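Visitor: I am new to this structure. Please take me through a single part of it, closely and step by step.

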Amino acid sequence: MGLSKLNGLYREVILDYANHPHNKGSLATTTNTMTLHNPTCGDTINLQVDVKDNKINNIAYTGDGCTISQASASMMTDAVKGKTVDEALAMAKTFSDLAIGKKHPTTDLEQLGDAQILTNIMEFPARIKCATLSWWALQRALLKDSEEEEKNE
Ligand code: ZN
């Protein structure tokens with residue numbers, strides 16, 4: 001596909017987030033981390049989260065990949081910083097539900113902030129994984145502790 005198929009305004013915002021990434025780097029303190037790959041495109045996201053008092057106190061990522069995946073990580077980290085873990089998980093669920101074609105009310109989309117722009121990518125099936133990778137990483141990172149305890153891994 002080309003990003004050229006996207007509306008010009010969306011394209012500019014996406015390129016800006018990708019070219020001037022927000023929250024890219026490493027955190028000194030982390031409570032939850034997750035690395036995910038999207039083999040179809042070659043995208044990698046290493047997500048680092050610092051949860052404090054049940055809130056996303058800080059969040060950062062490293063990794064590389066296509067413009068969509070990097071813009072998505074940049075937008076996602078901005079969107080969830082300062083939110084409670086439950087709020088962040090609800091946002092991740094909205095985004096990943098949209099990726100599998102489920103609808104959400106506008107109020108849910110508005111919660112995503114600028115990241116809602118990338119929900120337009122759902123029109124391009126080949127790029128859905130690129131856009132959703134960072135949200136999946138967030139979900140897995142935040143749910144990791146309890147799941148690991150249950151599975152006793
Ligand atoms: Zn990609």
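Guide: Start at the zinc ion. The model is predicted. The protein donors of the zinc ion are C41 (SG), D43 (OD), D43 (OD), C66 (SG) and C130 (SG). They lie 2.1 to 2.7 Å from the ion. Along the chain, the donors follow the spacing C-x1-D-x22-C-x63-C.

Now follow helix 5, which covers residues 128-151. S134 has its place in this helix. Its relative accessibility is 1%, so S134 counts as buried. Leave aside the neighbours of S134 within four places in sequence. S134 is then in contact with L47, S72, A73 and M76.

Next comes W135. Neighbours within four places in sequence are again left aside. W135 is in contact with S72, M76, A79, V80, M91, A92, F95, L112 and A115.

These contacts bring us to the core. The largest nonpolar core has 45 residues. L47, W135 and L138 touch the most other members. Several elements give two or more residues to this core: helix 1 (8-19), strand 1 (32-38), strand 2 (43-52), strand 3 (55-64), helix 2 (67-80), helix 3 (85-99) and helix 5. The largest share comes from helix 5, with nine residues.

Three strands form an open sheet in the order 1-2-3, and the pairing is antiparallel. Strand 1 and strand 3 are the edge strands, each pairing on one side only. On average, neighbouring strands of this sheet are turned by 15° against each other, direction ignored. Strand 2 and strand 3 pair over nine bridges, in the antiparallel sense. V51 stands opposite I56 in strand 3. Helix 2 lies across strand 2 and strand 3. It runs at about 170° to strand 3.

Technical notes
Residues numbered from 1 in each chain as written. Predicted model: local features only at pLDDT ≥ 70, side-chain atom pairs only at ≥ 80, totals over all residues. Heavy atoms only, no water. Helix = DSSP H or I, 4+ residues; strand = E, 2+ residues; numbered from the N terminus. Buried < 20%, exposed > 50% of the residue type's maximum accessible area, 1.4 Å probe, protein only. Contact = heavy atoms within 4.5 Å. Core = buried A, V, L, I, M, F, W, Y, C linked by side-chain atoms within 4.5 Å. Donors = N, O, S within 2.8 Å, 3.2 Å for Na, K, Ca; no water. Pairing = 2+ DSSP bridges. Axes fitted to C-alpha atoms, helices over the stretch in contact; angles between N-to-C directions.
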